[in-house]
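Please keep the model open while reading.

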Amino acid sequence: MKFNKETFVAGFALFSMFFGAGNLMLPPLLGLKAGDSWTMVTIGFVISAVIIPLLGIFAHAKLQGTMLDFAKKVSPGFSLIYCLLVYVISIALPSPRTASVTHEMAIQPFFGTSSLLTSSVYFALVLLFVVNRSKILGLLGKFLSPIIFIVVLSIICIGIFSTEVPIIGPSTFQTPIISGLLEGYQTFDAIGAVVVGGVIIISLKLKGEDSYEKNRNLIIKSGIVAGLGLFIIYAGMIYNGALFSGDFDSEVGRTELLSELSLKTLGNIGKVLLSILVGLACFTTAVGIVTGTADFMKGVVGGSQKAYLVTAVVGCILGIVMGQFDVHYIINVAVPALMLIYPITIILILLNVLPEQLTPPLVFKTVVLVTILFSIPDFLVSIGLKSVVNPILDILPLGHYSLAWLAPSLITLILVNFALVVKRK
């Protein structure tokens with residue numbers, strides 16, 4: 001498998017659209033709390049924040065359509081509703097969160113200006129990039145992403161090699177792998193895969209690339225480049241958090257911990273570099289989300305450029321409004337939405353990656369239906385109604401680990417395929 005310049009440009013562009021606010025803030029605190037169980041936590045986090053998103057990109061390489069194709073075997077109506085939910089969640093939560101993080105970590109400490117001014121300027125620049133979407137791959141892949149990667153890698157390497165005798169404390173997690181897996185939800189990377197994967201495909205088509213096989217190979221290779229980059233950063237930042245677990249209280253905030261880590265590893269210049277890093281990482285993700293949403297609405301209404309522009313403007317205005325809330329609040333608000341939409345997204349990615357003979361429409365319909373039904377208990381727990389669904393969670397495998405949907409969905413996948421094989425014979 002050969003990786004040329006085009007592969008790395010597309011791969012870094014994809015990496016930058018994945019790598020945003022949550023990707024930067026979540027791993028260090030996860031490592032801090034994981035302590036000596038940091039490897040187990042990393043495995044869980046990588047499953048939900050690297051492997052599943054990477055499978056999502058592979059599914060895009062196979063389909064080479066729009067996000068509507070992910071759920072079309074269930075029904076066109078369900079596919080449209082699912083896509084609308086994903087895009088509404090994306091522009092209402094992770095996109096504004098990037099502006100909120102940028103303000104808290106890159107602007108306020110130096111200038112003391114209001115969050116309204118920060119988010120207004122921020123999303124004006126996002127809109128400028130989105131309007132000029134034909135240049136997105138080149139701008140992100142050639143310039144912004146390498147800077148992001150080098151700065152984060154510097155923090156990781158200096159943190160690892162400057163700690164002579166690391167004293168890693170005990171873990172605060174009872175189930176490290178599950179804790180890492182669920183924290184990976186907050187990166188929004190699985191949802192990001194189905195959103196920004198479409199951006200890559202449309203960008204390639206705008207460049208005149210219409211060969212299915214060539215695009216498929218390029219998307220798969222660029223996905224591997226992006227996935228490898230994410231793995232290095234996540235594992236490194238989790239380990240750094242574990243290395244410095246003795247220096248911080250477990251109640252330390254995500255943004256505060258990240259700032260202090262940059263100060264300990266890069267000194268006073270660390271805060272400046274971190275500010276640049278935060279601004280770039282968040283900005284590229286916001287561009288990917290708003291572009292993906294605008295692309296989708298353009299496709300729904302028959303390729304209207306006006307629909308693309310209106311959606312981009314609305315997405316940026318919503319970003320300005322929601323960007324006024326602090327990061328912690330936005331993360332907490334996101335949990336119920338993630339408990340409902342994430343299981344469906346993971347299952348749709350899995351079904352689209354599997355061979356066609358294992359995923360006829362009947363399999364799609366039954367497995368997705370079962371996933372929706374068994375993700376409802378996790379959703380109810382996330383909004384404070386655990387006592388209502390406790391009897392159900394008691395009898396479900398992984399029911400008390402926010403994964404009540406997993407076993408029923410996989411069992412349904414196997415049973416329906418078995419029934420179809422028996423019927424054919």
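Tyr122, Phe123, Phe129 and Phe283 form one aromatic cluster. The model is predicted, so local features are given only at pLDDT of at least 70 and side-chain atom pairs only at pLDDT 80 or more, while totals for chains, interfaces and linings use all residues. Residues are numbered from 1 along each chain as its sequence is written, and side-chain values use heavy atoms, without hydrogens and water.

A pair of aromatic rings is described by the distance of the centres and the angle of the planes. Here, rings of Phe, Tyr and Trp (its six-membered ring) pair if their centres lie within 6.5 Å; planes under 30 degrees apart are stacked, over 60 edge-to-face, and the rest tilted. The whole structure holds eight such pairs. In one of them, Trp38 and Tyr239, the ring centres are 4.6 Å apart and the planes stand at 40°, so the pair is tilted. This pair links distant parts of the chain, with Trp38 in helix 3 (residues 38–63) and Tyr239 in helix 10 (residues 212–243), 201 residues apart. Helices are DSSP runs (H or I, at least four residues), numbered from the N terminus. Trp38 is partly exposed, at 22% relative accessible area; buried means under 20%, exposed over 50%, and partly exposed in between (1.4 Å probe, protein chains only).

Helix 11 (residues 254–266) has 13 residues and spans 18 Å from first to last C-alpha, close to the expected 18 Å, which is 1.5 Å times one less than the number of residues. Its buried residues include Leu257, Leu258, Leu261 and Leu266. Gly267 follows helix 11 and has a positive phi, near 70°.

Helix 5 (94–111) and helix 12 (268–300) each give two or more residues to the patch, and the largest share, three residues, comes from helix 12. Ile269 lies in helix 12 and counts as exposed because its relative accessibility is 53%.
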